[in-house]
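Me: I have a new model open and would like to learn how to read it. Could you walk me through the main features?

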Amino acid sequence: MARSSFTDAERRRRSRLAQIAHTQRFLRGTLSLRHGRCGKPNCHCARGELHASLYLVQSHRGQLRQWCVPKAWEERVRQAVRNHQEMQHLIEELSEGEWKHLLERKE
Ligand SMILES: [Zn+2]
């Protein structure tokens, strides 16, 4: 299939996909903010002001795994998760386009 046979919309999605893949971090997962107690008896959390912790959650080989994201890493992780979501979305749209191309050729 010649590259020129892609539609403009397909070309835009492919270049965006390549741009992210070439220049940015990406990571499959979801972020979950949880509130809990650290266990120290004199901490404010023991009186009800719970600690907020951000967790990165991912299904991996059929099991959930998670990682507590340190504050300093939060923006990097958020961006990587957003990038992966955008790539997934672009791949899905390209896949849908390919499905339609196949059907059109049958007609
Ligand atoms: Zn605490």
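This is a predicted model: local features need pLDDT of at least 70, side-chain atom pairs count only at pLDDT 80 or more; totals for chains, interfaces and linings use all residues.

Me: Which helices and strands does the protein chain have, and in what pattern along the sequence?

Reply: Helices (H or I, at least four residues) and strands (E, at least two) are DSSP runs, numbered from the N terminus. Here the protein chain has two helices and three strands, in the pattern α-β-β-β-α. The chain is more spread out than a compact globule, because its radius of gyration is 21 Å, well over the 13 Å that the globule rule gives for 107 residues. That radius is taken over C-alpha atoms, and the rule is 2.2 Å times the number of residues to the power 0.38. The C-alpha trace spans about 70 × 30 × 20 Å along its principal axes.

Me: How many of the residues count as buried?

Reply: A residue is buried if 20 or more other C-beta atoms lie within 10 Å of its own, exposed if 12 or fewer, and partly exposed in between, with C-beta atoms placed from the backbone. In the protein chain, 1% of the 107 residues count as buried.

Me: What should I look at in helix α1?

Reply: Try its length: the expected span of a helix is 1.5 Å times one less than its number of residues. Helix α1 (residues 8–23) reaches 22 Å from its first C-alpha to its last, close to the 22 Å expected.

Me: And how do the strands pair, parallel or antiparallel?

Reply: Two strands pair if DSSP finds at least two bridges between them. Strand β1 (residues 30–36) pairs with β2 (residues 51–60) in the antiparallel sense over seven bridges. Among the bridge partners in β2 are L54 for L33 and S53 for R34. Six bridges join β2 to β3 (residues 63–68), again antiparallel, and V57 has Q66 as its partner in β3.

Conventions: Residues are numbered from 1 along each chain as its sequence is written.
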